[in-house]
Amino acid sequence: MAKKPKVWVVPVLRVVAFFATVAAAIVMALNKQTKTMVVATIGSTPIKATLTAKFQHTPAFVFFVIANAIASVHNLFVLAVEFFRKKFNFKGLRLLIIVPILDMMIVALVSAGVSSAAFMGELGRNGNSHARWNKICDKFDTFCDHGSGAIIASLVGLLLLMIINVISILNLRKLNPIDRSVVP
């Protein structure tokens, strides 16, 4: 007797992925730190400047927030479709084909967003001596810590989205088995 697939696994993974991506988007979107620093000294008088680090100052972080927000909305939408599937009588086959395709697009989008943010985070933490770009995480430590947390949350969401995608594709394969006896 074959085991019945657990129908609750994908929705639970999708809910956790939703919370991971929405947390990443919110933490990065609210990421801001202001510091007053001495930039020069004239005689014995220090010259101070107030500097602010915001996620909006880096296009990679803006893309990261948008990518995670889109992934969150996608997961919420797919959960709603799953929940209301019987009420609206969606055609199962078409939905089973479209959702994995959209999931794969979301995986690519979140992967690009987290990769760009991780690159900028590494640049902020270590700088680049060849390009003479200074590191900023020694001055804006809270900003960098919040960014790191958002990147970790997004990576968790990305991993869960990849697992969901594999399960969805395997479910498609069970739905329409391929005849492997014919060799092309």
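This is a predicted model: local features need pLDDT of at least 70, side-chain atom pairs count only at pLDDT 80 or more; totals for chains, interfaces and linings use all residues.
1. Helices are DSSP runs of H or I with at least four residues, strands are E runs with at least two, and both are numbered from the N terminus. A pocket is an open set of points on a 1 Å grid over the protein atoms alone, where a 1.4 Å probe fits and protein lies on both sides within 12 Å along at least five of seven lines; lining residues have an atom within 4 Å of a point.

2. The volume of this second largest pocket is about 410 Å³, taken as the space filled by probe spheres set on grid points joined across faces, edges and corners. Its lining counts 25 residues, and those closest to the centre are Phe-61, Met-120, Gly-121, Gly-124 and Ile-136.

3. At least two lining residues come from each of β2 (45–54), α4 (92–126) and α5 (141–175).

4. An unreviewed UniProt entry lists residues 7–30, 60–81, 93–119 and 150–172 as "transmembrane region", an annotation that may be inferred rather than shown by experiment. In the model, residues 7–30 are 88% helix and 0% strand, with end C-alpha atoms 36 Å apart, while residues 60–81 are 100% helix and 0% strand, with end C-alpha atoms 31 Å apart.

5. Residues are numbered from 1 along each chain as its sequence is written, and side-chain values use heavy atoms, without hydrogens or water. Local features need pLDDT of at least 70, side-chain atom pairs count only at pLDDT 80 or more, and totals for chains, interfaces and linings use all residues.
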